[in-house]
Amino acid sequence: SASLDDASEHAIIQVLKMLARHKLILVVAHRPALIEAADTVITFIPSKSGDTLADVEIALPSFETASV
């Protein structure tokens, strides 16, 4: 969604909200509007020990942080 204009982003968000009533929707986003539209956000945080996928922590809402 990084290169979308605001109207296109809004239209996509509306479609995603409609689909999310019946399906699990997984979105990778950086823009605030798409993140704010989500009902659950999982944040990947680089750990202090490195920057590979094995060294990433996942901040799960309402759960403790899990390492992967």
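This is a predicted model: local features need pLDDT of at least 70, side-chain atom pairs count only at pLDDT 80 or more; totals for chains, interfaces and linings use all residues.
Residues are numbered from 1 along each chain as its sequence is written, and side-chain values use heavy atoms, with hydrogens and water left out.

**Fold and surface**

- The protein chain has two helices and three strands; helices (H or I, at least four residues) and strands (E, at least two) are DSSP runs, numbered from the N terminus.
- Read from the N terminus, the order of elements is α-α-β-β-β.
- Out of 68 residues, 10% are buried; buried means under 20% relative accessible area, exposed means over 50%, and partly exposed is in between (1.4 Å probe, protein chains only).
- The accessible surface of the chain is about 5,700 Å², and carbon and sulfur atoms own 61% of that; these areas come from the Shrake-Rupley method with a 1.4 Å probe, and for residues only the protein chains shown count as cover.
- If you take the contacts with a separation of 6 or more, 15% of them are between residues 24 or more positions apart; a contact means heavy atoms within 4.5 Å.

**The largest pocket**

- A pocket is found on a 1 Å grid over the protein atoms alone: it is an open set of points where a 1.4 Å probe fits, with protein on both sides within 12 Å along at least five of seven lines, and its lining residues have an atom within 4 Å of a point.
- The largest pocket has a volume of about 790 Å³, where volume is the space filled by probe spheres set on grid points joined across faces, edges and corners.
- Its lining has 22 residues, with Ile25, Leu26, Val27, Ala38 and Thr40 nearest the centre.
- Helix 1 (6-20), helix 2 (32-37) and strand 1 (43-46) each give at least two lining residues, and helix 1 gives the largest share, with four.
- By class, the lining has 16 nonpolar, three polar and three charged residues; Ala, Val, Leu, Ile, Met, Phe, Trp, Tyr, Cys and Pro count as nonpolar, Asp, Glu, Lys and Arg as charged, and the others, Gly among them, as polar.

- Leucine 26 sits in the loop between helix 1 and helix 2, and it is exposed, at 81% relative accessible area.
- Threonine 40 sits in the loop between helix 2 and strand 1 and is partly exposed, at 47% relative accessibility.
- Leucine 26 and threonine 40 are 14 residues apart in sequence, and their C-alpha atoms are 10.0 Å apart in space.

**Salt bridges**

- There are two salt bridges, each being a side-chain nitrogen of Lys or Arg within 4 Å of a carboxyl oxygen of Asp or Glu.
- Aspartate 6 pairs with arginine 31, with 3.2 Å between the closest N and O atoms. Aspartate 6 is in helix 1 and arginine 31 is in the loop between helix 1 and helix 2, so this pair ties together parts that are 25 residues apart in sequence.
- Aspartate 6 is exposed, at 59% relative accessibility, while arginine 31 is buried, at 17%.
- Glutamate 9 also forms a salt bridge with arginine 31, at 2.9 Å from N to O. That pair links distant parts of the chain, 22 residues apart, with glutamate 9 in helix 1.
- Glutamate 9 and arginine 31 are both buried.
- Through shared partners, the salt bridges join Asp6, Glu9 and Arg31 into one network.
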